[in-house]
Amino acid sequence: MDLSHLDALIARLGRESQRAADATTDHERRFRRAQVNQCQREIRGEKAFLRLPDLDGATDSEVLALLGYSVA
């Protein structure tokens, strides 16, 4: 499975998040926040396209269960 596009989107999200944190005006903060939100939407879409499970907010037990480990 080729994850290069997803990797690129995640890298972009990191850069956009940093730019949002560095924004100095209200206008720039709104613009950068919109860019971060767009990146997040694109990542969700790419994960859905690749049929990857969405692990955002998953507990350790849920992740282990997805990996096939029984959680007692």
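Among contacts between residues at least 6 apart in sequence, 49% join residues at least 24 apart in this protein. The model is predicted, and the tour below moves from the whole chain to single side chains.

**Whole chain.** Display the C-alpha trace first. Along its principal axes the trace spans about 50 × 30 × 15 Å. Colouring by secondary structure shows three helices and zero strands, in the order α-α-α from the N terminus. The radius of gyration is 16 Å, well over the 11 Å that the globule rule gives for 72 residues, so the protein is more spread out than a compact globule. Buried residues account for 18% of the 72 residues.

**Nonpolar core.** Next, select Leu-6, Leu-9, Leu-13, Ala-20, Val-36, Cys-39, Ile-43 and Leu-50; these eight residues form the largest nonpolar core. Helices α1 (4–22) and α2 (26–49) each supply at least two residues of this core, and α1 gives the most, with four. Then centre the view on Leu-6. Which residues does Leu-6 contact, leaving aside its neighbours within four places in sequence? They are Ile-43, Glu-46, Lys-47, Leu-50 and Leu-52.

**Charged side chains.** The structure holds five salt bridges. Select Glu-16, Arg-19, Glu-28 and Arg-32, which are linked in a network of salt bridges. Within this group, the side chains of Glu-16 and Arg-19 meet at 3.1 Å, N to O. Both residues lie in helix α1, three residues apart, about one turn of the helix. Is Glu-16 buried or exposed? Its relative accessibility is 6%, so Glu-16 counts as buried; Arg-19, at 37%, counts as partly exposed.

Glu-16 also forms a salt bridge with Arg-32 (3.6 Å, N to O). This pair links distant parts of the chain, with Glu-16 in helix α1 and Arg-32 in helix α2, 16 residues apart.

Move to Arg-29 and Asp-26, whose side chains meet in a salt bridge at 2.7 Å, N to O. The two residues lie in helix α2, three residues apart, about one turn of the helix. Arg-29 counts as partly exposed because its relative accessibility is 37%, and Asp-26 is likewise partly exposed, with a relative accessible area of 49%.

**Surface patch.** Finally, select Leu-64, Leu-67 and Tyr-69, which make a nonpolar surface patch of about 330 Å². Leu-64 lies in helix α3 (residues 60–66). With 37% relative accessibility, Leu-64 counts as partly exposed.

Terms used: Residues numbered from 1 in each chain as written. Predicted model: local features only at pLDDT ≥ 70, side-chain atom pairs only at ≥ 80, totals over all residues. Heavy atoms only, no water. Patch = residues over 30% accessible without salt bridge, like charges linked within 9 Å, V, L, I, M, F, W, Y side chains within 5 Å. Areas by Shrake-Rupley, 256 points an atom, 1.4 Å probe, with all protein chains shown as cover. Salt bridge = Lys/Arg side-chain N within 4 Å of Asp/Glu carboxyl O. Buried < 20%, exposed > 50% of the residue type's maximum accessible area, 1.4 Å probe, protein only. Rg over C-alpha atoms; globule rule 2.2 N^0.38 Å. Contact = heavy atoms within 4.5 Å. Core = buried A, V, L, I, M, F, W, Y, C linked by side-chain atoms within 4.5 Å.
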